[in-house]
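Colleague: Could we go through this model together? I'd like to know what stands behind each label you use.

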Amino acid sequence: MRKKIVMYYNQEKIGPDPFFNFGHKRSVYYYFFEYGEKMGFDMFLASGKKNYLGELNFKNPLYFDGSTFITTKKNICADAVYDRSG
């Protein structure tokens with residue numbers, strides 16, 4: 001079973017390119033997701049306070065398929081979280 005890695009933001013991020021307004025930093029975030037996927041992890045982006053259920057559980061995260069983000073309608077339990085919520 002592949003490990004699940006989640007990057008989490010308090011502020012909601014949506015769509016196939018949730019980092020579109022990050023300017024030159026956008027490529028850094030994509031590199032993080034691409035590298036994790038190549039290492040064999042399932043990579044997710046979770047955002048919005050209402051989508052954190054506690055104890056590393058998230059609802060409706062975006063799944064990174066290797067090139068884009070796909071909206072999911074499921075809950076996941078992360079093995080590790082990169083917390084960008086501040």
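Colleague: Which residue stands opposite Tyr 52?

Modeller: Phe 58 in E4 does. Before we go on: this is a predicted model, where local features need pLDDT of at least 70 and side-chain atom pairs count only at pLDDT 80 or more, while totals for chains, interfaces and linings use all residues. Residues are numbered from 1 along each chain as its sequence is written, and side-chain values use heavy atoms, with hydrogens and water left out.

Colleague: What makes E3 and E4 a pair?

Modeller: Two strands pair if DSSP finds at least two bridges between them. E3 and E4 (residues 57–59) have two bridges, in the antiparallel sense, so they meet that cut-off. The strands themselves are DSSP runs (E, at least two residues), as helices are (H or I, at least four), numbered from the N terminus.

Colleague: Which sheet do they belong to, and what makes E3 and E7 its edges?

Modeller: The sheet is an open, antiparallel one of three strands in the order E3-E4-E7. E3 (52–54) and E7 (75–77) each have a single partner strand, so one side of each is left without a neighbour in the sheet. The twist averages 25° from one strand to the next; such angles run from 0 to 180 degrees between N-to-C directions, with axes fitted to C-alpha atoms, for helices over the stretch in contact.

Colleague: Why is Leu 53 called partly exposed?

Modeller: Buried means under 20% relative accessible area, exposed over 50%, and partly exposed in between, with a 1.4 Å probe and protein chains only. Leu 53, in strand E3, has 44% relative accessibility, so it counts as partly exposed. Beyond its neighbours within four places in sequence, Leu 53 is in contact (heavy atoms within 4.5 Å) with Phe 58, Lys 59 and Asn 75.

Colleague: And Glu 55: buried or exposed?

Modeller: Exposed, because its relative accessibility is 72%. Glu 55 lies in the loop between E3 and E4, and its phi is near 50°, a positive value in a residue other than glycine. Asn 60, in the loop between E4 and E5, also has a positive phi, of about 55°. At 34%, Asn 60 is partly exposed.

Colleague: How do you know whether Ile 5 is buried or exposed?

Modeller: Its relative accessibility is 14%, so Ile 5 counts as buried. Ile 5 lies in strand E1 and touches Phe 32, Phe 41, Asp 42, Met 43, Phe 44 and Ala 80, leaving out residues up to four places away in sequence. Glu 37 is 32 residues from Ile 5 in sequence, with 9.4 Å between their C-alpha atoms.

Colleague: Which sheet holds E1?

Modeller: An open sheet of five strands with mixed pairing, in the order E6-E5-E2-E1-E8. E6 (69–71) and E8 (80–83) are the edge strands, each pairing on one side only. E1 and E2 pair in the parallel sense over six bridges, and Tyr 8 stands opposite Ala 46 in E2. H1 packs on the sheet, touching E1, E2, E5, E6 and E8, and its direction makes about 140° with that of E2.

Colleague: What makes a set of residues a nonpolar core?

Modeller: The members must be buried Ala, Val, Leu, Ile, Met, Phe, Trp, Tyr or Cys residues joined through side-chain atoms within 4.5 Å. The largest such core has 13 residues, and Met 7, Tyr 9, Phe 19, Phe 33, Leu 45 and Phe 69 have the most contacts inside it. Strand E1 (4–9), helix H1 (26–38), strand E2 (42–47) and strand E5 (62–64) each give two or more residues to this core. A second, separate core has seven residues, including Val 6, Ala 46, Phe 58 and Ala 78.
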